[in-house]
Amino acid sequence: MLHSQSVTIPQGSGQRFQSAAKCYTWSPSMSNNQDHDLGGITLVLAHCVGSHKEQWEPFLESLFSACNGPVNSPVRIQEAWALDRINHGDSYVLNVDALGKVPEDATVHTIWNAQPDGTSAAHDALAFATFLRSSYLNGRRVVLIGHSAGGTSIILGLKSLIPQQIRQIEAVVLIEPAIATKTVFETVFEDRVTQMELAFGGTTIRRDTWDTKATTEKGARDEVFNWFLKRFPWNAWDESVVRRYADYGLRVSSRPNASHVSLSLKTPKLHEAACFVDTPASYDATDALASICAHTSVHLLFADAEDFMPISMKESLYNAQEGRKMKSVTYLEDSGHFLLQEKPREASKAVADILKKEFRRPFPSKL
């Protein structure tokens, strides 16, 4: 059974943003040092744009079970830390006064020319690096897992560390990393701009407040959960992920004298939309990836569909001639860019296979 504890990661030196995090363990015994003494690993997870830390839970339930269940498993997970991006979910609530403002009339063009503070993965990476340096990870065997823009935050966060600190990271797993070199981006420029405009426009016109008929918060979340199940894109998601979105991705709106409960997105849609226009961070992350590969194991997990990234972008990321030498590259069949939302258990199995190959030596028996 998955257990969690909420933690606020304070501002680091030279940066203004806090991070909301949850530390997940699998059973009461995992909260002590038994699995740590046996060499258990600690996962640190970074989510995609439009998501939040709790959406990792269905994935984690399967991953903990696969790695900690079998007696002869070559890898055990001691704990997993999931962080909200600095302008998403509970982190947005913490940082609302420090974040830049996104104008109501913002467009892809205006954001491209002036990225609001806190909406780039480069900003998020500073907070992520603060956590990597923190005492929470002292003595831990750390594995980083990032989905889409979360992978960008991980790479740029590692870039800010010294090589000795990077070598202390045992492995990095990048799931559908939405990055590319400037040269590759320019070869698919029209496609990428179209994708940005669709994501930006679709996010800004999306509904973000629900005046429910419910008189209790639980009833309101249940009502919105059922609303999500009937509409795109949530009707393509695994139901357990939609449930987390309704339970943790929304906040109660303040409405004086209202007899029914209203809910709103925790992440304002303009802040979310601005994150899709982040090409400089994409270029920087791709350029930094070669040096990361030189100091630790890097694994790529892609969806086999080209719904968000063309195959040319994916293949360019494991170009060994440019120094991006991966420990492994996996394509998950019948999956799309949002595989963690749509197929969390299948994604979990793929990551479990990666970890079991990375850590081949069986753990000693507890008996």
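User: Which residues does L144 touch, not counting residues up to four places away in sequence?

Analyst: This is a predicted model, in which local features need pLDDT of at least 70 and side-chain atom pairs count only at pLDDT 80 or more, while totals for chains, interfaces and linings use all residues. Residues are numbered from 1 along each chain as its sequence is written, and side-chain values use heavy atoms, with hydrogens and water left out. With that neighbour exclusion, L144 touches V44, F128, L132, I154, L158, I169, A171, V172 and V173; contact means heavy atoms within 4.5 Å.

User: How many residues has the largest nonpolar core?

Analyst: The largest nonpolar core has 38 residues, and L144 and L158 have the most contacts inside it. A nonpolar core is a set of buried Ala, Val, Leu, Ile, Met, Phe, Trp, Tyr and Cys residues joined through side-chain atoms within 4.5 Å. Another core, of 31 residues, lies apart from it, with F59, I77, L332 and F359 among them.

User: New topic: is S148 buried or exposed?

Analyst: S148 counts as buried because its relative accessibility is 6%; buried means under 20% relative accessible area, exposed over 50% and partly exposed in between (1.4 Å probe, protein chains only). The phi of S148 is near 55 degrees, a positive value in a residue other than glycine.

User: And what about D334?

Analyst: D334 is exposed, with a relative accessible area of 60%. D334 also has a positive phi, of about 55 degrees, although it is not a glycine.

User: Which peptide bond is cis?

Analyst: The bond from F232 to P233 is cis, with omega near 5 degrees. Most peptide bonds are trans.
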